[in-house]
Amino acid sequence: MSRDRKIMTEDALHAYVDGVLDDYDRAAVEEHLVNNPADAETVASWSRQNEVLRSLYGHVADAPAPAHLDVYRIADNRNVLSGNWRRMAAAGILLFALGAAGGWFGHNLAGSTQLATMPLVNEAVAAHNLYTREVIHPVEVKADQRDHLAAWLSKRLDRPLDIPDLRALGFDLVGGRLLPAGGRPAAQFMYEDKTGRRVTLYIVPTQKGAESSFRYATFDGLESFFWRDETISCALVGSLPREELREIATRAYKELG
Amino acid sequence: MSQFLDEIETCVPALRRYARGLTHDADIADDLVQDCLERAIRKSGLWRPSGPLKAWLFRILLNIYRNDLRRRRRTPDPLPFDMLPSEPQGLAAQPGRLALAETARAMQTLPSEQREALLLVVIEGLSYADAASVLGIPVGTLMSRLGRARATLRQLTETGAPRLRTVK
């Protein structure tokens, strides 16, 4: 910009109002404004606007942020889901061995854990039985709307859910549905392999708490792995060999979230 | 990782302020910020500090906001009067409550792309180059959006309404 120029560009006026000019250019604009009352009025108006806008929105940044915007808390939730799965899988193998020896091996565990997880397995098995037999409408939202399904159920369960991709293990997503679980929403994802075997992944939201290792149950002729993450409890149900189901459960655990 | 989280944390107040300006709704704004933070932390493994972190976060927030907007196909609700900041006390130089409400209404009539640009420059204090980069547009386009936004706000707040600012 030059002091010689008679006509000031509008960009220069914006830059003046936004305070981004150096001393030399600022002086040039001020000199221009003295002789151009219309531009001076524009600049005054824009300056008032800036002031009003700052009064309008500036205070938001001064207010303390609510707990759900705590960056460390958000990161913690993710680490539980994605970072520690190896340790979890190792624990799963150990407990699987116990389970193989003990049938409904929850009997071998401390009572409180068993009582807390029994309804989960019951509900998961009931939902599995009800919907895997369904031929025409096994799911509410089909796999071709995978993104919508994930967004919808994440919203309803109030937790970020990434639908596990189990294709490497031979299981394609059929779809999913929302279910009632004792007054709360629950999510069910259904998968199917080439031979028509179906497994379901049942997820209920839980209060923030300690994660658990993989546990195994045989129930009503069905095999089930269940576990608890920081904010969700999950049960994988299917009529599959235990070792195969464990592999799927490990994969699902790793990919959820 | 923890240093990275600290850096993100220092940007949260600005993200909340920008989201509020975009949506004019405290709850929707904070939902937007939460989605933004979750996405940022999820993607942090891929991020290389090639540009300022704050600009990257603004870009993520804007992407989520625009997707939401497309999905809902609606403009922000009017800013409720009781959500305006309380009236400045005794300082005649500060804008009054009426001017705030008037400008808040005018802001909602702006096309989203103009509001996005104006807020980045005026409220977030980004340079023109940084604001243009966040919005993914050339600086010239940014300046023209800024110009149109300012012209519309001026028109809506200064004509047809009593010019209270001239009253002594």
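This dialogue walks through a few features of a predicted model, taking the general idea before the particular case.

Q: How are two packed helices described, and at what angle do helix α4 and helix α7 of chain B pack?

A: Two packed helices are described by the angle between their axes and by the distance between those axes. In chain B, helix α4 (residues 97–109) and helix α7 (residues 139–158) pack at an angle of about 135 degrees, and their axes are 9 Å apart. The two helices, α4(B) and α7(B), are therefore oblique to each other, and α4(B) passes α7(B) in a right-handed crossing.

Q: Which residues make the contact between α4(B) and α7(B)?

A: From α4(B) come B:Glu102, B:Thr103, B:Ala106 and B:Thr109, while α7(B) brings B:Leu153, B:Leu156 and B:Thr157. Sorted by class, this contact of α4(B) with α7(B) has 3 nonpolar, 3 polar and 1 charged residues.

Q: Are B:His24 and A:Asp158 buried or exposed?

A: The count to read is that of other C-beta atoms within 10 Å, where 20 or more makes a residue buried and 12 or fewer makes it exposed. B:His24 has 23 such atoms and is therefore buried, whereas A:Asp158 has 10 and is therefore exposed.

Q: How do β2(A) and β3(A) pair, and over how many bridges?

A: Strand β2(A) and strand β3 (residues 184–193) of chain A pair in the antiparallel sense over 10 bridges, and A:Gly176 has A:Phe189 of β3(A) as its bridge partner. In the hairpin of these two strands, which has 2 residues between them, A:Gly182 takes a positive phi near 60 degrees. Strand β3(A) is also joined by 6 bridges to strand β4 (residues 198–205) of chain A, again running antiparallel, and here A:Phe189 stands opposite A:Leu201.

Q: How many residues of chain B are in contact with chain A, and which element gives the most?

A: On the side of chain B, 35 residues are in contact with 30 residues of chain A. Helix α1(B) gives the most to that side, with 10 residues, and by class the side has 19 nonpolar, 6 polar and 10 charged residues.

Note on methods
Residues are numbered from 1 along each chain as its sequence is written. Chains are lettered from A and ligands numbered from 1 in the order in which they are written. This is a predicted model: local features need pLDDT of at least 70, side-chain atom pairs count only at pLDDT 80 or more; totals for chains, interfaces and linings use all residues. Axes are lines fitted to C-alpha atoms, for helices over the stretch in contact, and angles run from 0 to 180 degrees between N-to-C directions. Helices (H or I, at least four residues) and strands (E, at least two) are DSSP runs, numbered from the N terminus. Angles under 35 degrees count as roughly parallel, over 145 as roughly antiparallel, 65 to 115 as roughly perpendicular and the rest as oblique. A crossing is left-handed if the near helix is turned anticlockwise from the far one by less than a right angle, and right-handed if clockwise. Two residues are in contact if their C-beta atoms, placed from the backbone, lie within 7 Å. Ala, Val, Leu, Ile, Met, Phe, Trp, Tyr, Cys and Pro count as nonpolar, Asp, Glu, Lys and Arg as charged, and the others, Gly among them, as polar. Two strands pair if DSSP finds at least two bridges between them.
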